[in-house]
Amino acid sequence: MNQASNNNNPEKPSFFNSPQFRSIAAQALLLAAMGVFFYFIIQNMLANMEARGITTGFAFLHEKAGFGILQTLIPYSEDSTYGRTFIVGLLNTLLVSGLGIVFASILGFIIGVARLSKNWLVSHIAGVYIETFRNIPLLLQIFFWYFAVIRPLPSPRQSLSIGDWIFLNVRGLYLPRPELESGFGWMLAALAIAIVAVLLLRRWAIRRHYETGKTFPLLLTSIVILVGLPLLAYLASGGTIAWDRPVLKGFNFQGGITVIPELLALLIALTIYTAAFIAETVRAGILSVSRGQTEAALALGLTQTQTLNMVIIPQALRVIIPPLTSQYLNLVKNSSLATAIGYPDLVSVFMGTTLNQTGQAVEIISMTMGVYLTISLLISAFMNWYNHKMALVER
Amino acid sequence: MKKLAASLIAIACIGGVASADTLEAVKKNGHVKCGVTTGLPGFSAADEKGVWRGIDVDICRGVAAAVLGDANKVKYTPLTAKERFTALQSGEIDMLSRNTTWTLTRDASLGLNFTGVNYYDGQGFMVNKNLGVKSALELDGAAICIQAGTTTELNLADYFKSHNMKYRAVTYDSSDQTIKGFEAGRCDVLTSDQSQLYALRIRLAKPEDAVVLPEIISKEPLGPVVRQGDDKWFNIVKWTLFAMINAEELGVSSSNIKEMKKSKNPAIQRLITGQGEKLGLSDDWSYNIISQVGNYGEIFDRNVGAGSPLKIERGLNQLWNKGGIMYAPPIR
C-alpha cells in the first residue's frame, strides 16, 4: 500500500519541461527575434543611407532654421534652430489639443445630457447633432470650416466687429488683451488665491460631511469666492484695467490677441466632431445607472440634486471615463490633420518644412512619432489614475 | 504623407534595388519613372485629356526618347514639394523634374545630384492691385502666402530680415492652396518663383487684379535631379538637356531635323548622329530627342514662352550668344 501511494505522487517534471521554463524561454526567444529583426532593419537602413551619401544624425537640430512660422507660443525668429521649430510645433499641437479637449468635453456633456432630456425637441436636436457630426469624416469638416465658413469672411478693412473691441475677418479673430501691468495682474493673482481657497474649502467640507453629517453649501460659497476675490482686487487696484486693443495698421490689425483662422477652423472641427462621440459616451454612462438607484435615493429622502451629485454622477463616471480616454487620445492624434489647412502644428512645421529643408526624414519622423506616442501614453496614464480614483472602493 | 511613409519603408527594407543600374532598370520596365509637380501650368500639369505637359515634363520625355526611343514612355508621379526628395532617394522614381532649386545642401547632403539647369528663375512677389503697392520694400507687416518646404520660405525670411521688415508667413502644402489663400484674402502677398507667379496668376478669377512686383530677391536655378552614385544615368539625364540646348544653338529643330541630317556642318553631324555608345545609348539618341520633343527654344516657347498662355520672356533663359545665360558644353 505504502509503495503504491508513493507511486501516485506525480514525478517532478524535468527542468526543460517545466511550465515556468517554457513560458520564459518562449518569451525570451520572441524578444530576441524581435531584437534581431529591428537591429537588421536599422543597420540596413544606416548602411543604405551611408552608401547613398545621405547625412544621418541629430546634428541638424542645432542648425539655423531660417523660415518663419505663423503662430509661435514661445519667442521664435528666423535665427532660431531647427530644434526650436520642434518645440514651437509641439506647443502648437498641445495648444489645439488642450483647447479641443476642454471644449469637446463641455459640449459633449451638454449634448449628452440634452439627448436624455424629456423635452422632445431638445433630445431630437441633440440626436440629429450626434448622428450628423459623428458620421462625416473629420477632414471634410475641417475643410468645411476653413474653406466654406472662414474663407468667405470679409477682408481686414471690412471686418465684422463688436464695437472697437473684437474684430473678425478672413485673417482671423482679433480680441483685446488685458495688460498684465495694470489691475489685471492683481486680478489674476486674486483668482489664483481664490482657486486654492476653494480647493481647501472643499476638502474641509467633505471631511466635515463624513464626520458630522452636516452639509455645507459648497457650490454657492465657491462661486462667491471665485468672483468676489478678483472683483475685490479690481476695485482695490483703482478699478482700471488697461486693454491692448487690436487696431488696423497698414495691412493688418496690430495688438491684442490674434486667433489665426487655421486654429479657429481646426479647433471648431475637432470640438464638434469629438463632442458627438463624447455625448454618446455620456448618455451611455448615465443610462447605465439603473432607475432603481434613483428611486432608492429619493425614497431615502435625498433631494433631486443630491441624488444626481451623490448617486448617479459618481456611478456614471465609472462607465464614462475609459471610453472618454480614447476620445481624448483620438482628438490629439486627429489634430495632426492640421497640416491640411496649414495650421503650424508639429506635423506641419517639423515633419513638413523642417524635414524638407534638412532632408533628415528618418530622424524627424521617428521624433514626431515618439512625441505622439508620449502624449498619448501620458493622457492614458492620467486617465487611468483618475479612473482608479473614481472606481468603486471595495470593502 | 502616405508616399513619404512608403518611401521610408522602402529605404529601410529594400534599399539595394534602387542603387542598382537605373539605365538597366528603365530599359527593363520599358518606361522612365519621372517625378513632377501636382500641377503647375507651364512646368508640369496634366491637360484636360490627362496628358502631362510642361517644360519639366519635356525633360522627362527627352530622357525617354533618348533611352527608349519613344518620348511617350514616361510614367509620371505627381509629388508635393515635401515628398519630392524622399521619393527619389527611395527609388520610387528614376528622376525628379519638378522645378527644383539647385542648392548646396540639396546637392551635398541628400544623396542627390542636380544634372543642370533647365530654367533660370528668381523669387518674386505678387500683390493685389488695389493695395497700391509698387515695390517689395513697402510690404512691412504683410501676411504672405507661401508653399511649405521650398527655398522660397528661406529667401523670404532673409529678405525681410535684411530690410528690417516684419511679415507673417501663411504656409500651405501645395501651390494650389497658396493661390486660393491669396484669392480669398488670407494673405496680402503671394511669393514664389517668378515663373510660378505668372502661372498661378492666370488661374485667378480676375488675373488683371493682381500684379507681379519688379523685385527679384533670389537666384533660383531649376533643374532635373537624379540619385547620387549612378554616374551613367546622371550623364544621360545631363546630356539630354545639353542636346536640347545645343540643338537650339545650331538651329536644329523638330521640324527641320530630317533635312539637317544631310548638313555638312560637323557640329550638327556630331549632334544628330553618333556619340551614343559613350552614354550607353543607341546612336540615334539625340535624333530621337530633337525629333520627338524638340530643341530647348521650342520647348520653352510652347510651354512657358510666346506660344503659351504664360507668355514669359526668355530673359536669362535666352541662349548665351543671344543675351541670356543658357549654355551647354559641346557635343564632341
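**Briefing: chains A and B**

In chain B, helix α8 lies across β9, β10 and β11 (189–193), at about 155 degrees to β9(B). The model is predicted. Chain B splits into two domains, domain 1 (2–120 + 221–322) and domain 2 (123–218). It also meets chain A, with 38 residues of chain B in contact with 35 residues of chain A.

**The sheet of chain B**

- Five strands of chain B make an open sheet in the order β10-β9-β11-β8-β12, and the pairing is mixed.
- Its edges are β10(B) and β12(B) (210–212), each of which pairs on one side only.
- From one strand to the next, the twist averages 30 degrees.
- Strand β8(B) (residues 123–128) runs antiparallel to β12(B), joined by three bridges.
- Within that pair, B:Val127 stands opposite B:Val211 of β12(B).

**The two domains of chain B**

- The centres of domain 1 and domain 2 of chain B, taken over C-alpha atoms, are 29 Å apart.
- Their contact draws 17 residues from domain 1 of chain B and 15 residues from domain 2 of chain B.
- On the domain 1 side, the touching residues are nine nonpolar, seven polar and one charged.

**The side of chain B that touches chain A**

- The contact pairs 38 residues of chain B with 35 residues of chain A.
- At least two residues each come from α1 (2–13), α5 (84–89), β9 (142–147), α7 (151–162), β10 (167–172) and α8 (175–184) of chain B.
- β10(B) gives the largest share, six residues.
- By class, this side of chain B has 16 nonpolar, 13 polar and nine charged residues.

- β1(A) (residues 160–162) pairs with β2(A) in the antiparallel sense, over three bridges.
- A:Ser161 has A:Phe167 of β2(A) as its bridge partner.
- Three residues sit between β1(A) and β2(A) in their hairpin, where A:Gly163 takes a positive phi near 60 degrees.
- β2(A) is also joined by three bridges to β3(A) (residues 172–175), again antiparallel.
- A:Asn169 stands opposite A:Gly172 of β3(A).
- The hairpin of β2(A) and β3(A) has two residues between the strands.
- Side chains alternate along β2(A) (residues 166–169). A:Phe167 and A:Asn169 point to one face and are buried.

Key:
Residues are numbered from 1 along each chain as its sequence is written. Chains are lettered from A and ligands numbered from 1 in the order in which they are written. This is a predicted model: local features need pLDDT of at least 70, side-chain atom pairs count only at pLDDT 80 or more; totals for chains, interfaces and linings use all residues. Two residues are in contact if their C-beta atoms, placed from the backbone, lie within 7 Å. Helices (H or I, at least four residues) and strands (E, at least two) are DSSP runs, numbered from the N terminus. Ala, Val, Leu, Ile, Met, Phe, Trp, Tyr, Cys and Pro count as nonpolar, Asp, Glu, Lys and Arg as charged, and the others, Gly among them, as polar. Domain bounds come from an automatic or database domain assignment. A residue is buried if 20 or more other C-beta atoms lie within 10 Å of its own, exposed if 12 or fewer, and partly exposed in between; C-beta atoms are placed from the backbone. Two strands pair if DSSP finds at least two bridges between them. Axes are lines fitted to C-alpha atoms, for helices over the stretch in contact, and angles run from 0 to 180 degrees between N-to-C directions.
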